[in-house]
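Student: I'm new to this one. Could you walk me through it?

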Amino acid sequence: MQNNDAIAEEWKNSLGLIKHPEGGWFAEVYRSEGLIDKALLKGHGDARPFMTSIYFMLAPGEVSRLHRLKSDEIWYHHAGASMVVHQISEAG
């Protein structure tokens with residue numbers, strides 16, 4: 001039986017995962033051709049795709065740093081252990 005570090009390395013290699021700026025590993029698997037106009041984003045920067053989809057992995061002992069979401073996210077849990085997600089409201 002493989003240890004968790006070896007399994008994480010297998011996922012990184014088989015899916016081509018690269019370091020994510022907020023922690024963990026990712027690979028983009030879909031990006032829509034259509035863009036949401038910058039004028040509709042109210043301070044969220046440049047135009048953004050209607051949708052993107054990524055594979056994301058936190059290896060054992062890694063964390064994803066707190067960050068503000070600028071778009072909706074959908075999470076699918078494919079493998080591994082449970083995790084804790086902290087959500088802070090606009091009011092703090």
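Predicted model: local features only at pLDDT ≥ 70, side-chain atom pairs only at ≥ 80, totals over all residues.

Tutor: Residues are numbered from 1 along each chain as its sequence is written, and side-chain values use heavy atoms, with hydrogens and water left out.

Student: Which residue caps the N-terminal end of H1?

Tutor: H1 covers residues 4–15; helices are DSSP runs of H or I, at least four residues, and strands are E runs of at least two, numbered from the N terminus. At the N-terminal end, a side-chain oxygen lies 3.0 Å from the backbone nitrogen of Asp 5. That oxygen belongs to the capping residue, Asn 3.

Student: Is Lys 12 buried or exposed?

Tutor: Buried means under 20% relative accessible area, exposed over 50%, and partly exposed in between (1.4 Å probe, protein chains only). Lys 12 touches Leu 17, Trp 25 and Met 57, leaving aside residues up to four places away in sequence; contact means heavy atoms within 4.5 Å. Its relative accessible area is 12%, so Lys 12 is buried.

Student: Which side chain meets Lys 12 in a salt bridge?

Tutor: A salt bridge puts a side-chain nitrogen of Lys or Arg within 4 Å of a carboxyl oxygen of Asp or Glu. With N to O at 2.9 Å, the partner is Glu 9.

Notes:
Polar contact = N/O pair within 3.5 Å; in protein donor to acceptor, adjacent residues only side chain to side chain.
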